[in-house]
Amino acid sequence: ASLAGVLPAMLPVLIVVAFSQYVLDSYFLHRQRQLRMSFLGRWNGILYFVPLVMITIAALQVPALGELARALVRPFAVLLMVSTVASIVDRAVAPLRAR
């Protein structure tokens, strides 16, 4: 979707950075065998699928919803980018708050 110009190119980059930080932070910084979830990170992970559903609805030309989905996909993706950056920052400063 990003390569097609439907989503901002920065969104997939931020997703990769956030997930990499999630894995590295869980396994190496905290030395755990399980991934350490954060509230914001969890919701971001769930909401990353929403733009894809919106793009699908727009492509299928679902009556009444198609135009709405087409109009909202980019603004929603921008909000996801902002929340992803917030999640990355939150995870980065979490060890400082623990001290």
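I began with burial: a residue is called buried under 20% relative accessible area, exposed over 50%, and partly exposed in between (1.4 Å probe, protein chains only). By that cut-off I count Ala-58 as buried, because its relative accessibility is 9%.

I noted that this is a predicted model, in which local features need pLDDT of at least 70 and side-chain atom pairs count only at pLDDT 80 or more, while totals for chains, interfaces and linings use all residues. Residues are numbered from 1 along each chain as its sequence is written, and side-chain values use heavy atoms, with hydrogens and water left out.

Next I looked up the fold, taking helices (H or I, at least four residues) and strands (E, at least two) as DSSP runs numbered from the N terminus. I found 4 helices and 0 strands, and the pattern along the sequence reads α-α-α-α. Of the 99 residues of the protein, 27% count as buried.

I returned to Ala-58, which is found in helix H3 (residues 50–59). Its C-alpha atom is separated by 9.1 Å from that of Ala-71, 13 residues apart along the chain.

Then I turned to pockets, where a pocket is an open set of points on a 1 Å grid over the protein atoms alone, with protein on both sides within 12 Å along at least five of seven lines, and lining residues have an atom within 4 Å of a point. The largest pocket holds about 240 Å³ of space. Its lining has 14 residues, and those closest to its centre are Ala-18, Phe-19, Tyr-22, Gly-41 and Arg-42. Helix H1 (10–29), helix H2 (39–47) and H4 each supply at least two residues of this lining, with H1 giving the most, 5 residues.

For the second largest pocket I recorded about 150 Å³ of space, lined by Leu-7, Leu-11, Pro-12, Ile-15, Tyr-48, Phe-49 and Leu-52.

My last entry concerns Val-89, which lies in helix H4 (residues 65–98). I list Val-89 as partly exposed, because its relative accessible area is 46%.

How values were computed. 1 Å grid on protein atoms, 1.4 Å probe; cavity = no way out; pocket = protein on both sides within 12 Å on 5 of 7 lines; lining within 4 Å. Points joined across faces, edges and corners; volume = space filled by probe spheres on them.
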